[in-house]
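Open the model in your viewer and keep the selection panel at hand.

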Amino acid sequence: MEEPTRILFLAAEADPFVKVGGLGDVAGSLPCALASLPSAQDGTDRGIEIRLVLPYHHSVCRDIHPIIRQGEFVIPTRQGDTPVEVHASRMDGVAVYFLRGPWLPPNGPVYSLNASLDMEKFGVFSIASLFLTREWGWAPDILHVNDWHTALAAYALPALRRSLPTLRRTRSVLTLHNLPFMGADCGKLLARFGMSPSRTPALPKWGRRFPLPLGLLKSDRIVAVSPSYAHEILTPEFGCSLENFLQTRQESIQGILNGLDSQRWNPSSDPHLSANFDLDHLQVRRENTCALRRETGLDDDPRIPLLAIISRMDHQKGIDLALNGIRRLKNTPFQLVILGTGNPDLEDDCQRLADEFPAAVRYLRRFDMPLSHRIYAGADMLLMPSRYEPCGLAQMIAMRYGCVPVAREIGGLKDTIVSSGASQTGILFSAGTPEGAAQAIKDAIRIFHRPDAWKRIQRAGMQRDFSWGISARQYAQLYRCLKEGQQ
Ligand code: ADP
């Protein structure tokens with residue numbers, strides 16, 4: 001009987017233990033989807049054994065799945081041994097491990113606004129995760145890292161392979177959820193572990209000392225989280241000055257769309273809603289709209305479209321485009337609920353809009369997962385005018401909940417939203433300007449006032465399959481190719 005494919009999966013966050021954004025959704029659901037793939041899928045797969053390793057952040061939730069201290073080990077550095085505590089849990093058939101030590105600030109946030117403050121934490125975590133395989137005596141076939149926080153593990157793998165027999169045959173995959181976040185100078189940290197930054201002319205000079213470019217350099221395969229983003233990162237507009245380097249790695253890059261945890265995001269059983277609904281009971285959705293208006297103190301008038309933004313407050317998300325687009329609606333009646341935190345300037349802009357339109361706009365300046373569910377279930381449309389969007393989950397959740405996305409025609413938004421024809425699921429616009437956003441919102445509102453056409457769009461979105469089914473199989477196929485030495 002053939003061995004399963006063993007995956008060491010590293011991430012900075014994973015829902016439901018700790019979630020800040022979409023990476024948390026993905027790292028909390030993809031491992032479970034992989035672990036539950038039928039072990040002889042089409043005769044191409046022999047089952048996957050996956051271990052998810054996370055930093056033991058101060059904010060990790062211990063209530064849903066208990067976490068138990070397992071032991072401690074040390075990793076050698078030039079300045080002596082560094083201790084690493086190991087704690088363990090399980091979620092849906094996946095073994096989950098949490099690491100901490102003096103290198104993880106006891107009360108710090110998951111991410112600091114300045115990446116250099118996080119370099120030590122994520123850098124040591126990445127290296128410690130590789131040493132953990134020696135403690136386990138467990139040889140992973142694949143090291144799967146995500147974004148800059150864990151990219152250093154892919155960079156360190158070839159060097160540590162010599163001293164750690166458990167890594168001798170391990171190949172690596174780096175999933176790119178967000179290219180512009182590259183980490184900080186990691187030269188000193190690498191030196192502590194007897195490694196040095198790269199000297200390769202393939203990378204721009206600055207990139208030779210940053211974890212994400214270094215991980216991209218050494219990982220065997222690179223996955224972008226949507227097919228469109230896999231193309232976009234090769235261009236100057238989206239490549240963040242790595243486009244020339246990424247073009248040299250084009251053969252190793254592919255796009256695999258993120259999936260949704262369809263249990264967690266299910267309007268027919270979601271415990272956070274006032275009323276559960278499905279495709280056959282779409283009219284019940286209205287109860288959630290009324291409840292959301294009540295909760296946010298907005299007038300309950302079904303003739304007025306209820307718009308929503310649920311987002312990190314970040315330049316990437318085009319929040320300013322949405323707000324200035326809204327200001328251009330002039331005499332078009334609307335209501336808008338905004339939920340999100342992040343950049344203080346953008347937060348203040350949201351509050352200003354709420355002050356300008358006291359009867360129509362509500363800004364909820366917080367991270368509130370249950371409220372996000374109620375907004376998806378109650379709002380008529382979700383605005384996502386992102387400047388770039390590697391995949392985006394919010395638009396997929398929105399469609400599943402009958403909330404129509406109004407979004408930029410880029411990256412994963414373009415790959416997941418159908419903007420015309422009988423299977424239309426949303427409204428896409430190309431110009432990244434307030435005028436572009438305003439026009440798209442007006443177009444959406446025009447359709448909203450034609451209830452049959454609107455319902456058709458809602459229904460088409462709710463019918464789409466955004467589960468991990470297809471994408472998890474694509475990852476399994478990629479792992480298998482790497483394990484069997486195919487390129
Ligand atoms: P990103 O990962 O770039 O932040 P995504 O659209 O991929 O964007 O995922 C964002 C996730 O975070 C979604 O699940 C969304 O519902 C959630 N989210 C964003 N802001 C908030 C908030 N303030 N409260 C609750 N959930 C939020």
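Begin at the second largest pocket of this predicted model. Its lining consists of six nonpolar, three polar and five charged residues. The space inside amounts to about 410 Å³. Select R286, D380, W454, K455 and Q458: of the 14 lining residues, these are the closest to the centre of the pocket. Then colour helix 8 (285-296) and helix 15 (451-463), the elements that each give two or more residues to this lining.

Next, select the ligand. Which residues come nearest to the ligand? Among the 20 residues around the ligand, they are G22, R312, K317, R366 and Y376. By class, the shell holds eight nonpolar, six polar and six charged residues.

Now show the helices around the ligand. Helix 1 (22-35), helix 11 (369-378) and helix 12 (394-400) each supply at least two residues of the shell. Helix 11 gives the largest share, with three residues.

- K19: a polar side-chain atom lies 2.9 Å from an oxygen atom of the ligand.
- R366: a polar backbone atom is 2.9 Å from a nitrogen atom of the ligand.
- A394: a backbone N or O atom lies 3.1 Å from an oxygen atom of the ligand.

How much of the ligand does the protein bury? Taken alone, the ligand exposes 570 Å², and the protein buries 93% of that.

Key: Residues numbered from 1 in each chain as written. Predicted model: local features only at pLDDT ≥ 70, side-chain atom pairs only at ≥ 80, totals over all residues. Heavy atoms only, no water. Near = heavy atom within 4 Å. Polar contact = N/O pair within 3.5 Å; in protein donor to acceptor, adjacent residues only side chain to side chain. Areas by Shrake-Rupley, 256 points an atom, 1.4 Å probe, with all protein chains shown as cover. Helix = DSSP H or I, 4+ residues; strand = E, 2+ residues; numbered from the N terminus. Nonpolar A, V, L, I, M, F, W, Y, C, P; charged D, E, K, R; others polar. 1 Å grid on protein atoms, 1.4 Å probe; cavity = no way out; pocket = protein on both sides within 12 Å on 5 of 7 lines; lining within 4 Å. Points joined across faces, edges and corners; volume = space filled by probe spheres on them.
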